[in-house]
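Please read these points with the model open beside you. They are brief and follow the order of my reading.

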Amino acid sequence: MTCRVIQISDTHLSPAHTHFQANFDRLRAWLAAAPPDLIICTGDLSLDGAEDAADLRYAAAQLASLPARCLAIPGNHDVGDYTVLGGWQNTDAARLARWREILGADHFVEDLPGWRLVGLNTQSLGSFLPEEAAQAAALADAVAGAGGRALALFLHKPLCQHRLDDTEVNYWPVLQPARAAVVAAFGATPPRFVASGHIHQWRDHAPDGLRQIWAPAVSFIVGEESQPSIGSKLLGVVEHLLHPDGTHDSRLVTIDGLALNDIVKLPHLYARPVAAA
Ligand SMILES: [Fe+2]
Ligand SMILES: [Fe+2]
């Protein structure tokens, strides 16, 4: 049986700032018309859950209202970001504990016919917090126990911006050496694809032979003033049709009625546009 997985990302919900709620409501209606087997949310479900538990709690309730089971992994807006980036919200024990309290585990392993899906918390990578080591052990177990299933990896931040051996330190991808460690953990059975969010651009490319699919956001794009285009600035979701023989069809799905919000033009919602995605 082919499983239809819908990947949603970057919904950026908040009970206080409801500007992106209409897009989420439109997404929910679209999903209800043809519910998938599984929904995976690749992070930044909240607008500012890293600061305000109310945002995270509200976003979790919104995901729970979707018409299919939903697995979620955190983004920087939910649990903070890498200390090396020098921002104002570092991933720390308190933020990870808050995620656990509201949403449960920050990583997952989900088996479907012919497939093993692994979702990782990119925000704990390089933190040296216990959650990072626990996740690394879970990843090793997931790969070792895959039993011939095709593997797929779901992340908030993409593994890399251009190439896997990039060394640039910036806000957008998983940084080294964590990136190399994640790739190495798969050993001789690399994932068939890596699906991520965070960039708020759609992109489907295969640097170094590894297919990487960047889901667009549901909420907003980031204008050229703050972020150059690498992929396509549009809104939507990604449909992954996972066939039991380990092949898959992954494609962008745009949804009629999503408002093409630009966060640069909405500074009152999140007044730190350099790190708006
Ligand atoms: Fe993000
Ligand atoms: Fe985002």
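**Notes on the model**

1. Start with the outward side of helix α5. P130, A133, D141 and A144 are exposed there, where exposed means over 50% relative accessible area, buried under 20% and partly exposed in between (1.4 Å probe, protein chains only). Helices (H or I, at least four residues) and strands (E, at least two) are DSSP runs, numbered from the N terminus.

2. Some ground rules. This is a predicted model, in which local features need pLDDT of at least 70 and side-chain atom pairs count only at pLDDT 80 or more, while totals for chains, interfaces and linings use all residues. Residues are numbered from 1 along each chain as its sequence is written, chains are lettered from A and ligands numbered from 1 in the order in which they are written, and side-chain values use heavy atoms, with hydrogens and water left out.

3. Now the other side of α5. E131, E132, Q135, L139, A142 and V143 are buried. They share one side of α5 because they cover an arc of only 105° around the axis, taken from the directions from the helix axis to the C-beta atoms. These buried residues pack against α4 (93-103), β4 (108-112), β5 (115-119) and α6 (178-185); contact means heavy atoms within 4.5 Å.

4. Which residues touch the most other members of the largest nonpolar core? They are I8, L27, L45, L63, L66 and V237, in a core of 29 residues. A nonpolar core is a set of buried Ala, Val, Leu, Ile, Met, Phe, Trp, Tyr and Cys residues joined through side-chain atoms within 4.5 Å. The largest share, four residues, comes from α2. A second, separate core has 21 residues, including V118, L125, A142 and L151.

5. Check strand β6 (residues 150-154). Five of its five residues are buried, so β6 is largely enclosed by the rest of the structure. A150, A152 and F154 lie on one side, L151 and L153 on the other. β5 and β6 run parallel, joined by five bridges; pairing requires at least two DSSP bridges. R116 stands opposite L151.

6. Last, N76, in helix α3 (residues 76-79). Its relative accessibility is 5%, so N76 counts as buried. The N76 side chain makes a polar contact with the side chain of Y171 (2.9 Å). Such a contact is a pair of N or O atoms within 3.5 Å; within protein, one must be able to donate a hydrogen and the other to accept it, and residues adjacent in sequence count only if both atoms are side-chain atoms.
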